Amino acid sequence: MAFDGNAFVDEMKAELISSKRGLKNAVWVEKVSQGEATKEDLVGWARQHYWGVTYHTRRFLSIWVGRIPYEMTDDVIDNISEEVLGTEQKKLFGGEGKSHLDWLFHFTRALGAPDEAITSAIPNADAVLSESLLFNFAHQRPWYEMIFGALMAIEEQIPEAYTKVVKGFEENYTDILTPDDYKFHTVHIVVDEDHGGGMGEMAEKYLDTEEKRRSAKASYFAGAESARRCWDAFEGVSW
């Protein structure tokens with residue numbers, strides 16, 4: 001029987017959903033949804049995202065783009081361009097785009113936190129593990145593991161998780177946040193739908209052996225669990 005990439009991807013997604021270890025079930029997401037997250041919780045999550053992912057994204061994608069099949073490079077360069085220059089934002093929303101780092105700090109400044117609450121923090125173990133795994137996918141592991149361990153395991157989860165977060169902001173935090181303040185989240189709802197798409201087709205195209213399928217599956221669950229642990233370790237921020 002021929003390998004069915006869509007079935008392979010759907011089976012992994014279903015397993016993650018049933019485990020409740022997906023990002024939409026993260027402690028921080030649930031607290032925001034219920035209106036129980038404090039300002040410190042919100043900034044603590046941003047600290048985790050900064051040290052575990054956002055500060056390093058342009059670097060690990062720049063490493064990875066030199067390892068992937070040439071036909072994939074346009075999409076990855078577009079991804080880097082959006083991360084750094086906000087190019088997709090300009091096309092989608094008009095006006096001036098901002099880097100994802102800029103939007104992240106726009107969020108934390110609206111909460112009254114100085115940038116140093118994040119930039120001068122010592123990254124905790126879960127943030128370092130997240131960063132290290134992503135660099136390992138990009139630089140060390142088989143190139144296709146980044147597709148399943150980062151693009152599918154993390155980026156593809158973002159729209160659903162952030163939709164839940166934005167709903168929580170709209171219902172519970174209008175006294176301290178405006179829609180512009182959490183544009184980091186609304187921008188990602190749109191752009192990450194594109195970055196995380198087409199996984200079944202890529203599985204069929206590039207995972208042509210059982211060994212590759214096993215390593216892709218391992219990378220998917222490792223990436224998803226690493227991101228979940230990073231998000232859940234949001235405590236300890238003060239200013």
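Guide: Contact means heavy atoms within 4.5 Å. By that rule Q48, W51 and G52 of helix α3 (residues 39-52) meet D126, A127, S130, E131 and L134 of α9. This is a predicted model in which local features need pLDDT of at least 70 and side-chain atom pairs pLDDT 80 or more, while totals for chains, interfaces and linings use all residues. Residues are numbered from 1 along each chain as its sequence is written, and side-chain values use heavy atoms, with hydrogens and water left out.

Visitor: How are the residues in the contact of α3 with α9 divided by class?

Guide: There are three nonpolar, three polar and two charged residues. Ala, Val, Leu, Ile, Met, Phe, Trp, Tyr, Cys and Pro count as nonpolar, Asp, Glu, Lys and Arg as charged, and the others, Gly among them, as polar. Also in α9 lies V128, whose C-alpha atom is 6.1 Å from that of G52, 76 residues away along the chain.

Visitor: Why is V128 called partly exposed?

Guide: Buried means under 20% relative accessible area, exposed over 50%, and partly exposed in between (1.4 Å probe, protein chains only). V128 has 34%, so it counts as partly exposed.

Visitor: Why are α3 and α7 called roughly antiparallel?

Guide: The axes of α3 and helix α7 (residues 100-110) come within 10 Å and cross at roughly 160°. Angles under 35 degrees count as roughly parallel, over 145 as roughly antiparallel, 65 to 115 as roughly perpendicular and the rest as oblique. The two helices are therefore roughly antiparallel. Their contact is made by L42, V43, W45, A46 and Y50 of α3 and L101, L104, F105, F107 and T108 of α7. By class, nine of these are nonpolar, one is polar and none is charged.

Visitor: How do you know the direction of α4 relative to α10?

Guide: Helix α4 (residues 57-64) and helix α10 (residues 145-152) have axes that come within 12 Å and cross at roughly 160°. By the cut-offs for angles, α4 and α10 are therefore roughly antiparallel. F60, L61 and W64 of α4 touch M146, I147 and L151 of α10. These residues divide into six nonpolar, no polar and no charged.

Visitor: What makes the pair of Y50 and Y55 tilted?

Guide: The structure holds 20 aromatic pairs. Rings of Phe, Tyr and Trp (its six-membered ring) pair if their centres lie within 6.5 Å; planes under 30 degrees apart count as stacked, over 60 as edge-to-face and the rest as tilted. The ring centres of Y50 and Y55 are 5.2 Å apart and the planes are at 40°, so this pair is tilted. At 6% relative accessibility Y50 counts as buried, while Y55, at 29%, is partly exposed.

Visitor: Why is the pair of W143 and Y206 called edge-to-face?

Guide: The centres of these rings are 5.0 Å apart and their planes stand at 80°, so the pair is edge-to-face. It links distant parts of the chain: W143 is in the loop between α9 (125-139) and α10, and Y206 is in helix α13 (residues 199-206), 63 residues apart. Both W143 and Y206 are buried.

Key
Axes are lines fitted to C-alpha atoms, for helices over the stretch in contact, and angles run from 0 to 180 degrees between N-to-C directions. Helices (H or I, at least four residues) and strands (E, at least two) are DSSP runs, numbered from the N terminus.
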